[in-house]
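Q: I'm new to this one and would like to learn how to read it. Could you show me the structure, and then we'll talk through it?

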Amino acid sequence: MSVKSLVTIVCLLSAGIISGCSNEPKPAKISREEAAIEADKKKLDDMNHQYARIPDERILEDHNPNTPLYTELKGRYKEHLKKLQKDVAATGAQFVVVIINNGAGHNPALSNLYGNPYIVSTCKELGIECVDLSPVIAQQDPYVVSQTPRDGHWSKKGAAFLASQLAPIIRSHSNAKSTVTYKDSERPETFGDLPPNDDEVLDGGKDMPYHVQANAQGCRMTHDIKFPKTKQHVLFLGGSQLYSPYLDNEFIAVTLLEKQFPNAELINTAAIASTIDDYVSLFEEKAKYCEPDLVIVQTNGGDITDFFFTNRNHLSRILKPRMPSAIEDNYYSTYLK
Amino acid sequence: MLFNTTDFGIFFCIVLVIYWLAWKWRIVQHIILLVASGYFYYRFHYSLPIYLYCMISVGFAFGLIIDVQADATKRKTALTFGICILGLGLTYIKYSGLILGNIHGLDQWQASVLHILTPIGISYFTFSSIGYITDVYRRTIEPEKNFITYATYISYFPHILSGPIPSAAKILPQFRKNFVPTFEQIEQSLGEIVWGLFKKMVVADNVVLTVNYVFSHYQDLNGSSLFLGVTLFSLYLYADFSGYSEIAMGASRLLGIELTKNFRMPFFSRNPSEFWRRWHTSLRKWFLDYIYMPMGGKKVSTLKYIMLILFIFSFSGLWHGANYTFVCWGFLNGLYFVPYILTGKLTRYKEPASPGRILPTASDFLKILLTFNLVTITRVFFRSPNIYVAGDFFSKIFSKTLFDVPLHVVTTNLLYCMPMLIIEWIQREKDYVLEAKKLNIIIRILIFGLVIASICYFHKTRNNSEYYYFKF
């Protein structure tokens with residue numbers, strides 16, 4: 001084999017590798033804000049390498065909801081709930097918290113066992129309407145309402161059951177009306193975090209493919225929301241219980257509710273792994289601009305343990321590193337031992 | 001260790017360098033390949049090489065035993081005995097479920113007591129071993145006297161998982177010769193590897209979720225989406241399996257072994273016979289050499305010939321798995337031959353469709369379309385978990401919703417397959433898809449770069465799925 005041959009082969013390979021792997025040219029100059037965001041992302045990556053996620057249930061494994069750590073997490077939850085309440089109130093919309101967890105038919109997870117009663121009492125304390133669906137969910141057969149044993153999220157029947165539980169809440173707020181409107185120029189392009197006009201099949205790594213469609217505004221729905229609004233707008237903020245992985249759009253609870261409420265626009269901004277601090281930032285940044293008259297927030301006790309700093313660093317929609325508090329740092333070190 | 005992973009890339013580069021450094025010593029090269037293949041196979045499960053080396057020992061021993069028998073009856077007995085032993089593992093592991101599952105009371109026992117790990121690629125190396133001892137019996141080849149050479153041949157990592165099923169007469173002698181690659185061979189190897197990666201990582205990995213979705217949600221979809229979904233599955237299967245085979249061929253050529261070309265652009269075939277001469281050709285050749293020809297081939301009456309075709313195809317279905325769906329798939333594909341045989345129109349095309357033309361002739365186009373759809377529709381059996389689901393799937397396809405608007409996600413995924421089909425159509429008369437000998441070296445480099453760039457850009461890491469044919 002000649003030298004020419006060797007050189008050609010090296011060229012063939014390197015040309016491909018270079019052209020293939022360097023297709024994202026770096027801008028010559030980046031602004032100070034962009035630089036700060038990049039620095040945050042880098043720091044977040046470093047922190048996530050340093051601090052792995054720990055299972056939520058470990059935080060409550062000694063069945064004590066009054067540990068300093070859990071008390072601190074509850075405090076953060078309350079703080080964010082209060083913030084969301086205030087943000088929603090500023091728009092004149094009505095605000096309902098609904099506790100939905102995947103505890104059908106069996107003992108609830110520790111995070112729900114201790115977290116759900118705390119959410120109920122906190123809502124009461126803050127004067128927020130709260131509907132706790134966990135007792136009625138517990139009465140359901142998990143093999144019917146969820147995809148057990150492959151996954152704990154809703155089955156088609158489960159989504160229909162959930163829709164039947166949410167319908168009375170929407171109905172009872174049919175007169176809700178916000179006081180704020182926005183100019184088109186103020187409105188962001190999206191209200192939710194899904195890729196706009198997404199139309200793809202996902203399987204969550206569980207070999208359970210499902211069809212996800214998002215509208216142009218990044219919400220899990222198949223039509224766009226038009227302005228000025230002609231119908232009551234009901235905004236859903238939620239995590240996977242409302243997003244419903246492993247179900248096609250047409251079978252999820254919010255789509256089923258759309259058929260029951262033709263005179264309301266149901267806006268589904270739910271996304272996997274979202275929690276209350278995500279709802280706060282999403283509402284402030286994007287969702288409030290869809291001019292909701294009623295805001296329904298899905299939560300459960302898992303949202304409290306989600307405030308542990310490693311969870312936030314790994315899952316939050318805001319890519320900003322959270323440093324551990326002294327209590328968290330101490331807990332993390334103990335956990336590692 | 002999948003072919004399209006960094007792990008394999010590193011592994012292969014290391015093996016290649018060490019292998020080339022030892023080019024003067026063939027036996028050292030064999031030892032390198034043997035160790036590398038053992039390691040490659042071990043990476044799937046630590047216990048798998050044990051089974052493999054047992055099979056290799058049995059095959060090697062029977063090769064020698066058959067050869068020393070002077071008496072024809074004894075040779076035949078030794079061959080039969082060898083085939084039985086070699087086939088025992090495959091029959092037991094793959095087919096005991098089908099056999100015992102039908103016997104009341106034994107199905108549970110089989111499931112609980114006899115369940116063991118299925119060695120990946122078992123069908124391939126079992127057929128290779130059976131082919132080898134049969135060739136020795138027929139005196140087509142001399143038996144291999146060196147155990148290391150034989151073990152290297154059977155366990156050779158480019159073909160052990162999903163073929164091509166080697167023909168001993170063609171492949172084994174190559175292990176005995178020294179080899180220095182030419183520039184053309186290296187360019188062809190790289191071309192095949194890059195195109196194989198493109199098919200796997202850009203086409204197959206992107207459409208696999210939609211294919212899975214269509215088959216798991218068929219009850220919720222309309223007929224047109226299901227029809228296009230099966231079409232997508234057909235294209236996916238081709239991209240996945242032929243992509244694998246091309247990487248295997250390219251990698252193997254760099255090691256001096258020219259494997260059997262497993263796919264020759266089958267989707268441009270003009271009748272089922274041509275399709276099967278272009279699809280999984282190594283398996284076809286195996287059936288041809290070891291079943292079809294001994295049973296008479298074409299030298300029998302028309303009725304017997306038809307029966308033989310139906311038997312071979314049903315049997316090849318069974319090779320894919322112990323499920324009646326595979327038998328139906330094979331039978332239906334065999335059935336397609338009947339009208340062609342009866343009307344005498346089973347043309348044996350020697351050249352690709354519409355040679356020298358950019359677009360196919362109308363006649364070729366219609367024939368290609370018919371053949372593609374005939375073969376594609378049988379994939380419902382190939383993919384369905386049982387006959388009832390397949391029946392249900394067919395009834396959903398051929399319903400009044402067949403002409404409804406199909407699901408957008410299915411049609412967009414079909415678009416992912418189009419560049420592959422168009423490029424292969426343009427290059428259908430070449431030895432390999434990226435062949436461009438007449439073009440300047442710079443342009444050839446750019447073409448390679450473009451394909452590699454598209455692999456980097458379009459590949460979805462989260463869909464890094466296993467090759468479909470590993471399960472066979």
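Q: How much area do domain 1 of chain B and domain 2 of chain B bury between them?

A: The size of an interface is often given as the accessible area lost when the parts come together. Here domain 1 and domain 2 of chain B bury about 2000 Å² between them, 63% of it on carbon and sulfur atoms. Buried area is the accessible area (1.4 Å probe) that two parts lose on being put together, summed over both. B:Ser162, B:Pro164 and B:Phe179 supply 27% of the area that domain 1 buries against domain 2, more than any other three residues.

A quick word on the ground rules: this is a predicted model, where local features need pLDDT of at least 70, side-chain atom pairs count only at pLDDT 80 or more, and totals for chains, interfaces and linings use all residues. Residues are numbered from 1 along each chain as its sequence is written, chains are lettered from A and ligands numbered from 1 in the order in which they are written, and side-chain values use heavy atoms, with hydrogens and water left out.

Q: Where do domain 1 and domain 2 of chain B run?

A: Domain 1 covers 6-180, and domain 2 takes in 184-270 + 349-471; such bounds come from an automatic or database domain assignment. Their C-alpha centres lie 29 Å apart.

Q: How many residues of each domain are in contact?

A: Contact means heavy atoms within 4.5 Å. By that rule, 26 residues of domain 1 of chain B touch 19 residues of domain 2 of chain B. The count of salt bridges between these two domains is zero.

Q: What is a salt bridge?

A: Side chains of opposite charge can pair when their charged atoms come close. The cut-off is a side-chain nitrogen of Lys or Arg within 4 Å of a carboxyl oxygen of Asp or Glu. Over all chains, the structure holds 30 of them. One of these joins A:Lys206 and A:Asp151 (2.4 Å, N to O).

Q: Which residue does A:Arg187 form a salt bridge with?

A: The partner is A:Glu291, with the closest N and O atoms 3.0 Å apart. Both A:Arg187 and A:Glu291 are buried.

Terms used. Buried means under 20% relative accessible area, exposed over 50%, partly exposed in between (1.4 Å probe, protein chains only).
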